[in-house]
Structures are given as C-alpha cells and as structure tokens.
Amino acid sequence: MCVSLSLLTAGLDAGATGAQQEVGGLARQAGAQGIAALGGLASGVMQSRAARTDADAASAEGRARAKRIRTAGQAEVGRSRVDAIGAGVSVNSGSALQAERQIVQNVEQDALSAIVTGDSRASAMRSQGRQAMINGSLGALSGMVTAADKWKRARSLSIGNVPLG
C-alpha cells in the first residue's frame with residue numbers, strides 16, 4: 001500500500017479545517033496500524049523461533065539425561081558383579097544373572113522415561129511456537145485490515161469535498 005504524503009500531512013497546518021484534520025488523523029492511524037501489524041507478525045516469528053530452540057534443548061537434555069542414567073547403570077552392574085564375586089557367587093549363576101538383568105531393565109526403563117519426558121516437553125514447546133506464529137499472523141492480518149479500512153476512509157474523505165490544502 002503506497003501512502004500518499006498529502007494524506008499523511010493533511011490537517012497538520014495551523015489553519016486546517018476539521019475535515020482536513022480528520023483525513024490526516026485517519027491516514028496517520030492507518031500507517032501506525034500497519035506498522036503495529038508488522039510488529040505483531042515479527043513478534044510471532046521470534047516467539048516461534050525461540051520455542052523451537054527451547055524444544056530442541058529440551059529434547060537434547062532428555063537424551064543427555066538418559067545417557068547419564070545408562071552410564072550410572074553400567075557402573076551399578078559392575079558393582080553388582082564385584083559384590084557377587086566377593087561373596088563367592090558365580091556371576092554366571094541364576095540369581096546373579098537375574099539380579100543383573102533386573103538392574104539393566106530398571107536402568108533402561110529410567111533412561112527411556114527421561115527421553116520420553118524430554119520429547120514430550122519439546123512437543124509442547126513446539127506447539128506453543130506454532131500457536132505464537134498463528135497468533136502473530138492473525139494479529140497482523142487484523143491490523144492490516146483495520147489499516148486498509150482507515151486508509152480507504154481517509155482517501156474517500158480526501159477525494160470527496162475536503163480540499164487537502
């Protein structure tokens with residue numbers, strides 16, 4: 001939309017009529033509304049990008065936590081073997097293998113839970129980012145429609161019986 005300088009400056013003169021002031025006011029409001037609409041869109045884009053970055057971090061944090069859990073689990077299996085050997089129990093016997101298998105199963109369950117929790121948080125953050133983008137787009141659209149309406153009203157008033165100066 002190309003803004004006519006004569007419309008934007010209409011009504012600024014000391015001797016401007018009420019109609020000229022109204023035209024100028026509407027044109028300036030339209031320009032401000034258009035700029036605000038673009039600001040709303042930019043805000044939605046920035047919030048969306050930030051949400052994606054936070055989501056990636058949450059997912060990575062869940063995977064890093066799972067890795068720490070698995071590392072600690074391997075150490076626990078090692079301690080369990082050492083304790084079994086120290087007690088004179090064969091590590092290849094039924095109860096020692098069963099205890100080791102239970103430790104590994106618990107560790108893996110905790111690790112997978114950490115991954116799922118991180119991915120769930122990431123999904124929620126991505127959803128918030130999409131919503132911010134939608135809200136920014138709708139706000140921009142609404143602002144541009146309002147700006148266009150004010151511009152059209154200012155233009156019709158200036159073309160009608162109101163001299164621009």
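Which residues does valine 77 touch, leaving out those up to four places away in sequence? I went to that spot first, keeping in mind that this is a predicted model. Valine 77 touches Glu100, Ile103 and Val104 once those sequence neighbours are set aside.

**Core**

Next I looked up the nonpolar core that Val77 belongs to. Val77 is one of eight residues in the largest nonpolar core, with Ala66, Ile69, Ile103, Val107, Ala111, Ala114 and Ile115 as the others. I then asked which elements supply two or more residues to this core, and found helix H2 (18–86) and helix H3 (94–159). H3 gives the most, with five residues. Apart from this core I found another one, of five residues, including Leu26, Ala27, Trp151 and Ala154.

**Salt bridges**

My count of salt bridges comes to six. I went through some of them one by one.

Aspartate 56 pairs with arginine 126, and their closest N and O atoms are 2.8 Å apart. Since aspartate 56 lies in helix H2 and arginine 126 in helix H3, this pair ties together parts that are 70 residues apart in sequence. Aspartate 56 is partly exposed at 46% relative accessibility, and arginine 126 is partly exposed at 32%.

Arginine 63 makes a salt bridge with aspartate 119, where the closest N and O atoms are 3.2 Å apart. Here too I noted a link between distant parts of the chain, with arginine 63 in helix H2 and aspartate 119 in helix H3, 56 residues apart. Arginine 63 has a relative accessible area of 43%, so I put it down as partly exposed. Aspartate 119 is partly exposed as well, at 28%.

Glutamate 108 and arginine 70 meet through their side chains in a salt bridge, at 2.6 Å from N to O. Glutamate 108 comes out partly exposed, with a relative accessible area of 30%. Arginine 70 is partly exposed at 29% relative accessibility.

**Surface**

Last, I looked for nonpolar side chains on the outside. Ile134, Leu138, Leu141 and Val145 form a nonpolar surface patch, and together they have about 380 Å² of accessible area. Is leucine 141 buried or exposed? Leucine 141 is exposed, because its relative accessible area is 52% and the cut-off for exposed is over 50%.

Definitions and conventions. Residues are numbered from 1 along each chain as its sequence is written. This is a predicted model: local features need pLDDT of at least 70, side-chain atom pairs count only at pLDDT 80 or more; totals for chains, interfaces and linings use all residues. Side-chain values use heavy atoms; hydrogens and water are left out. A nonpolar core is a set of buried Ala, Val, Leu, Ile, Met, Phe, Trp, Tyr and Cys residues joined through side-chain atoms within 4.5 Å. Buried means under 20% relative accessible area, exposed over 50%, partly exposed in between (1.4 Å probe, protein chains only). Helices (H or I, at least four residues) and strands (E, at least two) are DSSP runs, numbered from the N terminus. Contact means heavy atoms within 4.5 Å. Patches are made of residues with over 30% relative accessible area and no salt bridge: like charges are joined within 9 Å, nonpolar side chains (Val, Leu, Ile, Met, Phe, Trp, Tyr) within 5 Å. Accessible areas come from the Shrake-Rupley method with a 1.4 Å probe; for residues, only the protein chains shown count as cover. A salt bridge is a side-chain nitrogen of Lys or Arg within 4 Å of a carboxyl oxygen of Asp or Glu.
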